[in-house]
Amino acid sequence: MGHTVFAIRPILLQHDDGHLTLWLMQDATHIGSTVAVDQNPGAPWKPLVGDFNGDG
Amino acid sequence: MWEDFAVTTPGHAAFSLQGNLQNNGPTWHAKATGDFDGDNKDDIILWQNDNSQAAIWLMDGLQVKAGYDVAGSAANGPSWHAIAARDMDGDDRADILWQNDSGAVAVWEDFVPGPGSGTTASFADQFNVVPDVNPTGNLYWHVL
């Protein structure tokens with residue numbers, strides 16, 4: 001509950017101003033939907049993606 | 001670190017858990033993530049750019065459950081860069097992919113923490129990757 005499971009890994013993009021956006025992929029070459037992350041870490045912060053708590 | 005991603009409204013999402021990890025100073029950079037100890041939780045490989053020392057934080061959510069310097073990494077010098085942490089040998093544990101400024105590539109496999117409660121870890125197998133000759137014969141290729 002509350003977790004989104006992706007069959008194909010989403011693509012995380014970061015704008016120059018720090019904002020993050022996820023492309024949830026329909027397949028390898030098609031974007032199913034786009035989700036904007038409401039929190040902005042700020043431009044000096046760069047994301048590294050991983051499953052650190054093992055929730056899949 | 002931000003955790004627990006969830007879509008909140010159509011087209012929007014948020015991470016409900018956020019926490020700061022320890023700050024080792026501006027010379028340390030998180031380079032890649034992967035599950036080095038096989039606990040199904042990704043860990044973090046860091047690299048210090050003034051002495052080429054690599055380190056691994058074993059993660060449990062927002063907690064660093066153990067931290068290790070990687071033996072032998074500083075001796076490689078600043079021309080080698082840890083660029084990925086992936087399971088290259090199919091043992092369900094991440095390995096380190098290195099690339100040299102020359103274009104050369106190496107893989108370190110089989111993370112071994114310790115011995116004992118020590119803060120140094122090693123990789124039991126270390127290989128240079130010998131590529132096929134690329135079409136141009138020049139070092140224009142980069143591992144992404």
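Author: Happy to! Let's start from Ala82(B), which, leaving aside neighbours within four places in sequence, is in contact with Lys31(B), Ala32(B), Ile45(B), Trp47(B), Ala54(B), Ile96(B) and Trp98(B); contact means C-beta atoms, placed from the backbone, within 7 Å. This is a predicted model, where local features need pLDDT of at least 70 and side-chain atom pairs count only at pLDDT 80 or more, while totals for chains, interfaces and linings use all residues. Residues are numbered from 1 along each chain as its sequence is written, with chains lettered from A and ligands numbered from 1 in the order in which they are written.

Ala82(B) also belongs to the largest nonpolar core, which has 25 residues; Ala82(B), Ile45(B), Ile56(B) and Ile96(B) are those with the most contacts inside it. Such a core is a set of buried Ala, Val, Leu, Ile, Met, Phe, Trp, Tyr and Cys residues joined through C-beta atoms within 7 Å, and buried means that 20 or more other C-beta atoms lie within 10 Å of a residue's own. At least two core residues come from each of several strands of chain B, among them S4 (43-48), S5 (54-60), S7 (80-86) and S8 (95-100); strands are DSSP runs (E, at least two residues), numbered from the N terminus. S5(B) gives the most to this core, six residues.

As for the partner chain, 19 residues of chain B are in contact with 17 residues of chain A. On the chain B side, strands S1 (2-9), S2 (12-18) and S3 (28-34) each supply at least two residues, and S1(B) provides the largest share, five residues.

Key
A residue is buried if 20 or more other C-beta atoms lie within 10 Å of its own, exposed if 12 or fewer, and partly exposed in between; C-beta atoms are placed from the backbone. Helices (H or I, at least four residues) and strands (E, at least two) are DSSP runs, numbered from the N terminus. Two residues are in contact if their C-beta atoms, placed from the backbone, lie within 7 Å.
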